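Subject: Handing over the structure

Hi,

Here is the structure I promised to pass on. Please load it, then read my notes below.

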Amino acid sequence: MQLQPWAPNGNAVSSNPATNSSVPSTLAQQDPLAQLRDIHVPSDVNAWPLDWGWWCLIVVVITTAFFTVRAIYRHIEHTKAKKHALQVLKTISIEDKDWPQSLNTLLKRVALSYYPQSDVASLHGNAWFTFLTNQCGANERVDKGFNALQLNLYKRHVNNDAFADCFYATEYWISKTSFPKDNIQNSKQGHGLSLHKKSNSNMNSVSNKDVSSEVHSA
């Protein structure tokens, strides 16, 4: 007696191949995993063209960078004359016979670098030193230094005891004055300030032109 195989559902499996071909399809219908679809992989995201929000961000960054660089450049140009003047000031010492002229000429050149020439060039005497003190909010020692500088401009024998106060007043005015920023073109004139220490004869020759109109009238 020939035994017939049994299917998982308890039914006898026919020995006929045509009948047995339906068994796998029946098992597939009963397997829940067979009903799942393949995983759908999304396509790659393309970064181009950019969204409008990114374009707005790029415009903001470029604009900010432009104005930042421009502000830095204007600040550098604005402070060049001041920095040059402070370096020139270091070359003036009490050993110079004409240090009052040197200090006063330096003050006049810095003022011409930042203020309109028509407002500064004609100032002399009390009006000149009043202008200086009004621009920097001078303190008592600055006033004392400018008064001593004005007195020593015309003395044949300079009072060297006043050098410290005069030097302090000059340095204070150059470094502490808030110079106007709308006159940057004139501030480039400060590039002409010599950074080398001049001898007395050279200073006198330069003063013949500058001091005659600026210092002797001051």
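How many residues apart in helix α6 are W128 and F131, and what separation in helical turns does that give? They are three residues apart, so about one helical turn separates them. In general, an α-helix has 3.6 residues a turn, so residues three or four places apart point the same way. W128 and F131 are both buried.

Please keep in mind that this is a predicted model.

**Overall**

The protein has ten helices and zero strands. Along the sequence the pattern is α-α-α-α-α-α-α-α-α-α. There are 218 residues, and 33% of them count as buried. Take the contacts between residues at least 6 apart in sequence: 73% of these join residues at least 24 apart.

**Aromatics**

Ten aromatic pairs turn up in the structure. W128 and F131 make one that is stacked, because their ring centres are 6.1 Å apart and their planes sit at 20 degrees. F129 and F146 form a tilted pair, with 5.9 Å from centre to centre and 50 degrees between the planes. F129 belongs to helix α6 and F146 to helix α7, so this pair ties together parts that are 17 residues apart in sequence. F129 counts as buried, at 4% relative accessibility. F146 counts as buried too, at 1% relative accessibility.

There is also an aromatic cluster. Its members are Y114, Y115, W128, F131, W173 and F179.

**Helix α6**

Helix α6 covers residues 125-136. Which of its residues are buried? They are G125, W128, F129, F131, L132, T133 and C136. These buried residues pack against four helices: α4, α5 (117-120), α7 and α8 (163-176). After α6 comes G137, with a positive phi near 60 degrees.

**α6 with α7**

The angle between α6 and α7 is about 155 degrees, and their axes are 11 Å apart. That makes α6 roughly antiparallel to α7. The crossing of α6 past α7 is right-handed. On the α6 side, the contact uses G125, N126, F129, L132 and T133. On the α7 side, it uses D143, F146, L149 and Q150. By class, the contact has four nonpolar, four polar and one charged residues.

**α4 with α7**

Helix α7 (residues 140-152) also packs with helix α4 (residues 99-114). Here the angle is about 115 degrees and the axes are 9 Å apart. α4 passes α7 in a left-handed crossing. P100, L103, N104 and L107 of α4 make the contact with F146, L149 and N152 of α7. Five of the contact residues are nonpolar, two are polar and none is charged.

**α3 with α4**

How are α3 and α4 oriented, roughly parallel or roughly antiparallel? They pack at an angle of about 175 degrees, with axes 10 Å apart. That makes α3 roughly antiparallel to α4. From α3, the contact takes in H78, T79, K80, A81, K82, A85, V88 and L89. From α4, it takes in L103, L106, V110, S113 and Y114. The residues divide into eight nonpolar, three polar and two charged.

**The loop at K90**

K90 lies in the loop between α3 (52-89) and α4. Is K90 buried or exposed? K90 is exposed, because its relative accessible area is 70% and the cut-off for exposed is over 50%. The C-alpha atoms of K90 and F167 are 9.6 Å apart, and these residues are 77 positions apart along the chain.

**Where to start**

I would open α6 before anything else. W128 and F131 form the stacked pair there, and F129 of α6 pairs with F146 of α7.

Best wishes

Note on methods: Residues are numbered from 1 along each chain as its sequence is written. This is a predicted model: local features need pLDDT of at least 70, side-chain atom pairs count only at pLDDT 80 or more; totals for chains, interfaces and linings use all residues. Side-chain values use heavy atoms; hydrogens and water are left out. Axes are lines fitted to C-alpha atoms, for helices over the stretch in contact, and angles run from 0 to 180 degrees between N-to-C directions. Helices (H or I, at least four residues) and strands (E, at least two) are DSSP runs, numbered from the N terminus. A crossing is left-handed if the near helix is turned anticlockwise from the far one by less than a right angle, and right-handed if clockwise. Contact means heavy atoms within 4.5 Å. Ala, Val, Leu, Ile, Met, Phe, Trp, Tyr, Cys and Pro count as nonpolar, Asp, Glu, Lys and Arg as charged, and the others, Gly among them, as polar. Angles under 35 degrees count as roughly parallel, over 145 as roughly antiparallel, 65 to 115 as roughly perpendicular and the rest as oblique. Rings of Phe, Tyr and Trp (its six-membered ring) pair if their centres lie within 6.5 Å; planes under 30 degrees apart count as stacked, over 60 as edge-to-face and the rest as tilted. Buried means under 20% relative accessible area, exposed over 50%, partly exposed in between (1.4 Å probe, protein chains only).
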